[in-house]
Amino acid sequence: MITVGIFGINDDQNKIVSRMIKKYFKDKETLKIDFSSDSNKFLDTIEKNGAFDIVVIDLDYSRINGLNIASEVSKRNENSYIILLSKSKQDAYEGIKIGVIDYILKPIIDEEFVTSIEKAYKLIISENVKYLKYKTSDGYKRININNIIYVEAEKHYQHIYLKNNKKVTIRSTIKKLEEELSSLTNQFVKTHSSFLVNIDFIKEINKYIIILTNTNIVPISKNLKSGVKAKINQYYSKN
């Protein structure tokens with residue numbers, strides 16, 4: 001699914017913009033469009049539901065709020081692609097500083113707008129990467145699942161160990177995290193009530209322990225051992 005957030009476009013123009021977006025994605029992706037002219041509501045939607053894939057902002061509705069939203073979206077979610085609309089060429093410079101992917105001078109020409117949407121979509125699909133999304137005080141962030149070596153549970157917190165000796169701690173349960181990862185990929189296996197392991201980082205299995213490529217060791221529960229081996233064999237037979 002592609003999610004699009006539209007800020008500050010009047011009702012008539014919103015219908016036109018929405019129509020163009022729907023037409024472009026008709027045979028490509030399922031689509032969800034969220035429109036708002038209230039900056040707080042727009043950011044709250046991102047806070048509650050996660051980042052939009054594409055964000056369209058009309059600076060003529062409210063230049064300060066529009067630029068603030070663009071800046072906030074860019075800070076919180078580096079994988080959101082922002083398109084600015086304005087009657088003023090001067091705003092293009094501000095957009096470049098923020099890191100938007102395109103700037104359209106109004107009045108909107110259909111072909112130009114569709115080209116911008118296409119540019120954003122190509123960037124999205126070119127990533128070809130799946131992400132684990134998690135919530136922080138600064139908004140939603142994402143982790144490339146291919147960078148996760150293993151997860152260790154500690155009560156209501158999950159410690160996610162990444163490549164390059166990095167660690168991210170999130171508030172969640174091991175069960176919920178296992179379900180989220182399973183919905184994205186088949187490369188994680190639960191080895192213990194408190195551990196999830198990325199099969200790609202398993203170096204060696206020795207009785208009831210797993211040695212990982214970063215030299216860390218995680219346990220295998222006796223009652224999970226046969227299932228762990230079966231899952232690993234199944235994974236390698238399909239990859």
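Colleague: What does Val197 touch, leaving out residues up to four places away in sequence?

Modeller: Val197 touches Ile149, Tyr150, Gln187, Phe188, Val189, Thr191, Ile202, Leu212 and Val218. Contact here means heavy atoms within 4.5 Å. This is a predicted model, where local features need pLDDT of at least 70, side-chain atom pairs count only at pLDDT 80 or more, and totals for chains, interfaces and linings use all residues. Residues are numbered from 1 along each chain as its sequence is written, and side-chain values use heavy atoms, without hydrogens and water.

Colleague: Is Val197 buried or exposed, and why?

Modeller: Val197 counts as buried because its relative accessibility is 0%. The cut-offs are under 20% relative accessible area for buried and over 50% for exposed, with partly exposed in between (1.4 Å probe, protein chains only).

Colleague: Which strand is Val197 in?

Modeller: Strand S12, residues 195-198. Strands (E, at least two residues) and helices (H or I, at least four) are DSSP runs numbered from the N terminus.

Colleague: Now the sheet: what is the strand order?

Modeller: S10-S9-S8-S12-S11, an open sheet of 5 strands with antiparallel pairing. Two strands pair if DSSP finds at least two bridges between them. At the edges, strand S10 (167-171) and strand S11 (188-192) each pair on one side only.

Colleague: How many bridges join S9 and S10?

Modeller: Strand S9 (residues 157-162) pairs with S10 over 5 bridges, in the antiparallel sense. Tyr157 has Arg171 in S10 as its bridge partner.
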